[in-house]
Amino acid sequence: MANDNPVLLGKVFPDFEAETSEGNIKFHEWLGNDWGILFSHPADYTPVCTTELGAVAKRFKDFEKRNCKMIALSCDNVDSHKGWIKDIQSYSSVGEKFPFPIIADNKRDLAIKFNMLDPDERDSKGIPLTARCVFIIGPDKKLKLSILYPATTGRNFDEILRVLDSLQLTATKKVATPANWKDGEDCMVLPSVKPEDVPKYFPKGVTVKDMPSGKPYMRFTPHPK
């Protein structure tokens, strides 16, 4: 049932057509020139998924100000999605207009295409549930990040916002972000940047941390805002 051609980092995320809670879409056309996050769910009217979709709806403006569109996927039909949205709105107090679409993948076509199935978690019919996948796609339609959670573990959307900040920053600047980095904090100079090029790329300066090896690779620079 798994797809032998997984979606790979740095490759164009496959285009597809789908029915959603907001009508039919062509994914690349819907994405336009924005960033996008596609995140999948095992089924409608499930407890963890309800908390996740509510969390994203509450933080929707945080994604929007980063020019990032959100789209969910669940293995039920559009009518089911529309009923479930009412429960999500009630549980999370997110207002009358739900801010993003939910893809109807009731035949699991996309779940199979994108290797979203969790072999260890199955529904009452013995069919594998869709795992909690996160795909972040750039304006160039290429996959920038993928995270796979089991169906039993809810996602941390503060972390997803954090990695989105990192991806957007490092897409245009010659920096990397260290462990537990948050937007606004110091970054690290890419190893590929030659010492003679440092002043050109980092006018705010670079601090090199001394290491026992004597190698000057721990180079920090203020956030290049």
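Colleague: Why is F60 called buried?

Modeller: F60 has a relative accessible area of 16%. Buried means under 20%, exposed over 50%, partly exposed in between, with a 1.4 Å probe and protein chains only. So F60 counts as buried. This is a predicted model, where local features need pLDDT of at least 70, side-chain atom pairs count only at pLDDT 80 or more, and totals for chains, interfaces and linings use all residues. Residues are numbered from 1 along each chain as its sequence is written, and side-chain values use heavy atoms, leaving out hydrogens and water.

Colleague: What makes the pair of F13 and F135 tilted?

Modeller: Rings of Phe, Tyr and Trp (its six-membered ring) pair if their centres lie within 6.5 Å; planes under 30 degrees apart are stacked, over 60 edge-to-face, the rest tilted. The centres of F13 and F135 are 5.3 Å apart and their planes are at 55°, so this pair is tilted. Both residues are buried.

Colleague: Why are F60 and F100 called stacked?

Modeller: Their ring centres are 6.4 Å apart and the planes lie at 25°, so the pair counts as stacked. F100 is buried, with a relative accessible area of 1%.
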